[in-house]
Protein chains: 4
Amino acid sequence: MARQAQNIGLWLVGACGGVGTSVALGIEAIRRKLTEPLGLIGHLPPFKKLELAPLDRWVIGGHEIRRTTFEAAAREMYEQSGVLSPEMIAACRGWLRQCDRNIRSGTVVNCGPTIGRMADRRDVRRKRSAAGWIAALADDIRSFARRHRLARVVVVNVASTEPHRQMPQAHKGSKALRAEDLSRLSASSLYALAAIEAGAGYINFTPSTGIDLPAVRRRADDRGIAYMGRDGKTGETMMKSVLAPMFAARNLRVLSWVGHNIFGNRDGIVLDDPRNKETKIRSKDQPVREILGYRPETLVSIEYVKSLGDWKTAWDHIHFAGFLGTKMALQFTWHGCDSILAAPLVIELARFTERAARDGRTGPLRHLACFFKSPMGVREQSFVRQYDALLEYADAAATDRP
Amino acid sequence: MARQAQNIGLWLVGACGGVGTSVALGIEAIRRKLTEPLGLIGHLPPFKKLELAPLDRWVIGGHEIRRTTFEAAAREMYEQSGVLSPEMIAACRGWLRQCDRNIRSGTVVNCGPTIGRMADRRDVRRKRSAAGWIAALADDIRSFARRHRLARVVVVNVASTEPHRQMPQAHKGSKALRAEDLSRLSASSLYALAAIEAGAGYINFTPSTGIDLPAVRRRADDRGIAYMGRDGKTGETMMKSVLAPMFAARNLRVLSWVGHNIFGNRDGIVLDDPRNKETKIRSKDQPVREILGYRPETLVSIEYVKSLGDWKTAWDHIHFAGFLGTKMALQFTWHGCDSILAAPLVIELARFTERAARDGRTGPLRHLACFFKSPMGVREQSFVRQYDALLEYADAAATDRP
Amino acid sequence: MARQAQNIGLWLVGACGGVGTSVALGIEAIRRKLTEPLGLIGHLPPFKKLELAPLDRWVIGGHEIRRTTFEAAAREMYEQSGVLSPEMIAACRGWLRQCDRNIRSGTVVNCGPTIGRMADRRDVRRKRSAAGWIAALADDIRSFARRHRLARVVVVNVASTEPHRQMPQAHKGSKALRAEDLSRLSASSLYALAAIEAGAGYINFTPSTGIDLPAVRRRADDRGIAYMGRDGKTGETMMKSVLAPMFAARNLRVLSWVGHNIFGNRDGIVLDDPRNKETKIRSKDQPVREILGYRPETLVSIEYVKSLGDWKTAWDHIHFAGFLGTKMALQFTWHGCDSILAAPLVIELARFTERAARDGRTGPLRHLACFFKSPMGVREQSFVRQYDALLEYADAAATDRP
Amino acid sequence: MARQAQNIGLWLVGACGGVGTSVALGIEAIRRKLTEPLGLIGHLPPFKKLELAPLDRWVIGGHEIRRTTFEAAAREMYEQSGVLSPEMIAACRGWLRQCDRNIRSGTVVNCGPTIGRMADRRDVRRKRSAAGWIAALADDIRSFARRHRLARVVVVNVASTEPHRQMPQAHKGSKALRAEDLSRLSASSLYALAAIEAGAGYINFTPSTGIDLPAVRRRADDRGIAYMGRDGKTGETMMKSVLAPMFAARNLRVLSWVGHNIFGNRDGIVLDDPRNKETKIRSKDQPVREILGYRPETLVSIEYVKSLGDWKTAWDHIHFAGFLGTKMALQFTWHGCDSILAAPLVIELARFTERAARDGRTGPLRHLACFFKSPMGVREQSFVRQYDALLEYADAAATDRP
């Protein structure tokens, strides 16, 4: 029972971005019953039996490259996008300041110029070897755990998308990482290695490489880490993974699927750099082909339109042929607040990962596929089937309990 | 082998409407390889093992209340809606004329004035008792089977939607039908009873009552009929049964779901009569509530806009609340040709029903739920789960074979 | 110069509704430079020369049937619809309270049960003859003018839409109003007569009858009142009056124009009553036919969906035929906050009316047609042409000045 | 009267493309009363008095770079896009073959590789100097006029969009064209010079440079040519020039205007080449800024999606701020057949140009601005105002007649 009361840490990489800020504020707002736990699927009946760690046991910390606070970030979201009400921010001020004290400076190694330009926090540009960075970042996590006497820590990467990089040749095999390989890694992978080093669970919510290199995964597997990724499935791609199975199950041939996304948050500035955008588009374009089993014409764009703030608006035009070759069309517009859609997924990923770690599970948590655009180790892209896999896991895990 | 070669009958109630016409033309066009079998799910890999009766074994007949021919009806669709190309109609003319010879006059008993006004075929208004109509309609089906030496017949109701009627009290129990009860039935139920009488499989593709009265179902069960219904799931409602599970699985609360449908085919004229429309709207509004488990504000309209012809255009606006109560919106427009979406479902329902009858199955074919808005005997409304049930059936049925 | 400094009164009928509240708050927020004067067309270059009365000379009062305050109403809008920020409300609290002191009880005579149910203010249901109501309401306006030493008052009706009523026979001619005629008038016309009695300018921003009865207009003309109406053109209808001229000028034939409106503010509750809705729909359906010169199929719906709050969302589907009869489609969705769109029009109507009264103009102010769905005395429905008429007026009026 | 009966020539550059084919077929189909003259604005009442040359006096010829015929091109449009019915094509076959006999080989000088790859007609790649090409092309036009005893010829460029080119320095002034300057011109300008040489009226319906170089325009002016351009305003840009004035006239600030266009005709293949696309986008992005008088965020994309054929589908998202800075949105989707929208504009441009030439007008025909995205010599971009200018011209021109 004493152990039950022990707290758990959620360590956010890119802590004061829109997602991290919504997570930090939201956990407290729900705890204080200022709002219902909407978006948190762990609260749905089938998952109750899993006994996920309740919100009041979570402590938040993280790495950040910008000089800011959770409160300032929250106010900025309210002013630019009309989300996170001033009343809620005021009521949670004390907690947000506690969280601020757990923020440490991150790194922008190999993140490209657009992310680099945002980094104004002390120590962010310090000259360090890759190994030096890993050690320092891991230290931050370990001392966070010590300071708060945490039973466990889950690291979730919610930082901006890094430029797309060819995997260094050495990383394609499963060989150990040498110093020269390390130097070619970008920040997301250094954070992943730091999490492994610190023995924390690890979730890559971004399209960046992170843990997804054979040598890095091998190290995670060796160290018995539970991990999963990548690229949270929040909006347009979730729609794709829900609609494409419908076309398949009706034998309607998708001729073309065009998706245009516009939005104006900080993530948008980063994705406006074509190098960073490529990483994202690769991740968004996959599900349709995977589900249909053929390659319709596809087109995906993501573009920065400042005025929209955090409100991502997507227009998808799906042109399909039915009986006798008749051409028809489905169009949808999705108007969702990106950070607000992502935040509850991040919380639940942390809770499911903590539960898996508690059970001694290691390796990729394939049952979490429904949370990701490119789920590691999973080919199934149909959303409902991915969700069914999570339900099955819940049944099995609940029964397994001694 | 001789049995294999025996033909099978598809008897369409409302034969020369848009759906029936597309079925008749489409079967031949696919047989002649003028077009691919798009929309026919029996051609998908998981169903190949079921050995559904191939298209070249099907013969078409049916009941109709209007004085017309398949060719005239097909040309009308081309002229008003730009579907069913003149080349295809010309190439299939011979077959369409054969089908015409199998058309017999139907009935408009208790169908209301709007359907009544369309009925200009000889004998349609003949004075007959309900029992007399059932006998005559059953005779039509039986002589069709005899004339073409058919192994089996499946009756599919694709006629216009009848006015909504309170079920006569007597029909609510499972008592036998007395003459006075029969007189209160509307045409769709007389057709159903005729199909039962003739020993044919029966599918109700419309929202009309048809077989869906306890006493009628009991007679079908007594006679060992395989049947299913009701209201084919072709467009907007299919979308609902695909999207609602997504909101549920993300714990996003649907606040309101508004759906406006506009279209201009003959079905539209009938639905423009508020009595007939009520039957339809009841059927369209159910799935969302069933899947979500609560009642969001809902609004469904179906309206006749002549200029659209067979092209049903639906706009759905789904307003939902996510994390921290944030309100977001999904909108879609569905632009599909109604008859063209329905026709392949009708063909496959006939093939699956024939297969079930061949296997000696009787009663409601619950595994066909994914084809219907209001599937008989099935509460599951999630499209993917309904489809999974069909896949399971296919695996089981294929294995059961001796 | 002394006269220049004299204040002007804006008397709002239905003062604490969404529109009135936005007007009251907005005038002060712009005065305090908390926000820019967006939406106020009097600030556009072509109208500067008109020397409309500046915002700091306006004093606000009005009639209301509910027991509420401007601040409470503003907070309700923020909570339900996310408009009118708490910061703005706090900054303008003093002014709002001043406005509250100028609110008097209105009447719900002949307003139907839906509006009636909302009326909980003291004296609203007092038994009075029509003439008694007119005298009392006029007294309220006159004492407001006296108390604040106002140079002029403009009365603007922004109350809920009344049920559609057949005009009493007597009102069709231009005869004087007798007591028995008066008793059949609904509240909007009593307010209009009170404004006339008080010598105030009068604007009917609603679809209710108001001043638009021959005998009432004659009294206004006799008394030298400047007036205009009716039904402010804020959203979907403005779009119609902009798009229909395009189709006409390209000789594209509009086959059908379908418009579905959903929204959830108090006005929505009133319009959910079919009696009140009819008044509105008549007003929305006119412009398309007037501009095109023929009658395409049209369909307009307005429906109450609570979750949307003040955010009116309209979907319009315009089906048209071009060269060689080819059918094409334009669809739009309009997502606008109704009160926020209306408020600046109300302010400018008051300022333009004050200017006209200052110049000694009487009768219908036809140059204000671009503000209305059903402009009194004007057939031109093309928005741009209506706006050009306003520009012409501005040029002429500025030149006329001595 | 004898003169009245004389025929007039319409010489199409890029004759057998979608636009040219629709023009050729449509003129005959309307003459034969197979269809109404929809889309032809010369048939509207205000233009009747202009006595534009009736359709039965027009003869069609043109330049083409592909080996094809009008009938083949028309069938291709029917098969790929479902427009131009087979019945219509069959009924007009004789006329189309007559038109075919007036087709001559064009040129692809400086048109870039994408257009170059399409050119398979004899003589298209003949080695000739620019002056040689101009002489040859002019000869084609002159002998067409002679052969058919034409009173006048109007040349309309409806060829694919050429790559964007920096204007050669020499062309910026109004100096005469030297041989070395000529060699840098692309095909569209050679065609323009050939039209000038042949004394024909000239219309540039494309975004290519054509006549729009100072030295070329000077030659046209010297030779007394009536001309106009450029880039026909058919769909999304027409919408912009209609909607932007609405925002301006309501003092609503457009924050961002995003427009995504997808389509799949031959023009689409050409625009898929970024060099050609740039020419187009420059033309589409102008009107919004010009009308509003400030620069909102804008984004325009045009992308090739083969499955759509000639059906251009555009999604525009307009984000705007109103009263109190409230952000709202208008979205539209335009679904139009590009060639079918363009063809009647081409016919009427030819008729208006012929009328101007008949009246002895020379230079840019500014009254035709409403037909163009980038009207030569006209800054007014509001569609209704441009149209009003055409109405004024019609009144004046009709009165001027002796």
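Chain A comes out with an average pLDDT of 91, and 94% of its residues score at least 70; pLDDT is the predictor's per-residue confidence, from 0 to 100. This is a predicted model, where local features need pLDDT of at least 70, side-chain atom pairs count only at pLDDT 80 or more, and totals for chains, interfaces and linings use all residues. Residues are numbered from 1 along each chain as its sequence is written, while chains are lettered from A and ligands numbered from 1 in the order in which they are written. The model scores ipTM 0.94 and pTM 0.94.

Chain A is assigned domain 1 (7-232 + 340-400) and domain 2 (236-336), with bounds from an automatic or database domain assignment. Their C-alpha centres sit 25 Å apart. Contact (C-beta atoms, placed from the backbone, within 7 Å) takes in 25 residues of domain 1 and 28 residues of domain 2. On the domain 1 side, the elements giving two or more residues are helices H3 (70-81), H6 (112-118) and H16 (383-400) of chain A; helices are DSSP runs of H or I, at least four residues, numbered from the N terminus. That side splits into eight nonpolar, 13 polar and four charged residues (nonpolar: Ala, Val, Leu, Ile, Met, Phe, Trp, Tyr, Cys and Pro; charged: Asp, Glu, Lys and Arg; polar: the others, Gly among them).

Over in chain B, the axes of H1 (residues 18-31) and H3 (residues 70-81) come within 9 Å and cross at roughly 105 degrees (lines fitted to C-alpha atoms over the stretch in contact, with angles from 0 to 180 degrees between N-to-C directions). H1(B) is therefore roughly perpendicular to H3(B) (65 to 115 degrees). Gly18(B), Thr21(B), Ala24(B) and Leu25(B) of H1(B) meet Phe70(B), Ala73(B), Ala74(B) and Met77(B) of H3(B): six nonpolar, two polar and no charged residues.

Technical notes
Parallel < 35°, antiparallel > 145°, perpendicular 65-115°, else oblique. Contact = placed C-beta atoms within 7 Å.
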